[in-house]
Amino acid sequence: MKNFILSMVSLILFGCGESDNKVLKEYLVGDWQCTMIYSIGLNVSPEEELKHTTEPEDFTIKFRILDDKLYEIKNDGTKQAIDVNGFNSTVNEICYEANCTLKQYLEIKDDDSFNNIITKRIKKLNNHTDTIDFRSKIETVCNRIK
């Protein structure tokens, strides 16, 4: 489950493009200790709190600027380019023959901490009478390692 969640976060967080947002790139440079919480809800109202499905996952992440591009440096030394423009975005698409909405929001708390929240909603009308409404949320809280 941890690999699935980390893959989902990486897919959403990290793109292949280059960003002009120099301030955010420079803010992210460094080593971060993060905790990720994954929650889901099926046919719950938007006001209801989603239920945590796993224990919080702790991990570290490293960001570096190389050749004017921001990269995540993996534990095995590989690099993955990051498009910081994707941090605050909404994408609507058709997936699983349903309407899907993916939202991501990065909130800088202070010089040494940020939150990243990713939500996905899959809404499908079955047999023109029943609605399937699935929501998931990945909340990551990161603190700079000094």
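## Disulfides, core and salt bridges

C95 counts as buried because its relative accessible area is 11%. Buried means under 20% relative accessible area, exposed means over 50%, and partly exposed lies in between (1.4 Å probe, protein chains only). This is a predicted model, in which local features need pLDDT of at least 70 and side-chain atom pairs count only at pLDDT 80 or more, while totals for chains, interfaces and linings use all residues. Residues are numbered from 1 along each chain as its sequence is written, and side-chain values use heavy atoms, with hydrogens and water left out.

**Disulfides.** C95 is bonded to C100, with an S to S distance of 1.5 Å. Here a disulfide is a pair of cysteine sulfur atoms within 2.5 Å. The torsion about the S-S bond of C95 and C100 is -80°, a left-handed link. C100 is buried too, at 3% relative accessibility.

The structure holds two disulfides. C34 and C142 form a disulfide with S to S 2.1 Å. This disulfide is right-handed, because the torsion about the S-S bond of C34 and C142 is about 110°. C34 sits in strand β1 (residues 30–42) and C142 in strand β9 (residues 130–144), so the bond ties together parts that are 108 residues apart in sequence. Helices (H or I, at least four residues) and strands (E, at least two) are DSSP runs, numbered from the N terminus. C34 is buried at 0% relative accessibility. C142 is buried at 3%. Counting bonded cysteines along the chain, the pattern is 1-4, 2-3.

Strands β6 (residues 89–95) and β7 (residues 98–110) run antiparallel and share seven bridges. Two strands count as paired if DSSP finds at least two bridges between them. S89 has Q104 in β7 as its bridge partner. Two residues lie between the strands of this hairpin, and Y96 takes a positive phi near 50° there.

Q104 also meets N116: their side chains make a polar contact of 3.2 Å. A polar contact is a pair of N or O atoms within 3.5 Å; within protein, one must be able to donate a hydrogen and the other to accept it, and residues adjacent in sequence count only if both atoms are side-chain atoms. N116 lies in strand β8 (residues 113–126). Is N116 buried or exposed? N116 is buried, because its relative accessible area is 2%.

**The nonpolar core.** The largest nonpolar core has 19 residues, and those touching the most other members are L24, L28, W32, F63, V84, F87 and F114. Which elements give two or more residues to this core? They are α2 (22–28), β1, β3 (57–66), β8 and β9. Strand β1 supplies the largest share, four residues. A nonpolar core is a set of buried Ala, Val, Leu, Ile, Met, Phe, Trp, Tyr and Cys residues joined through side-chain atoms within 4.5 Å.

L24 is in contact with V84, F87, L106 and I108, leaving aside neighbours within four places in sequence. Contact means heavy atoms within 4.5 Å.

**S39 in β1.** Strand β1 also contains S39. S39 is buried, because its relative accessibility is 5%. Not counting residues up to four places away in sequence, S39 touches L50, K51, H52, T53, R135, S136 and K137.

**Salt bridges.** The structure holds seven salt bridges. A salt bridge is a side-chain nitrogen of Lys or Arg within 4 Å of a carboxyl oxygen of Asp or Glu. The table lists some of them.

| Salt bridge | N to O distance |
|---|---|
| R64 and D31 | 2.8 Å |
| K74 and E72 | 3.4 Å |
| D112 and R144 | 3.0 Å |

The salt bridge of R64 and D31 links distant parts of the chain: R64 is in strand β3 and D31 in strand β1, 33 residues apart. R64 is partly exposed at 29% relative accessibility. D31 is partly exposed at 25%.

K74 is partly exposed, because its relative accessibility is 27%. Its partner E72 is buried at 9%.

D112 forms its salt bridge with R144. D112 lies in the loop between β7 and β8 and R144 in strand β9, so the pair ties together parts that are 32 residues apart in sequence. D112 is partly exposed at 25% relative accessibility, and R144 is partly exposed at 23%.
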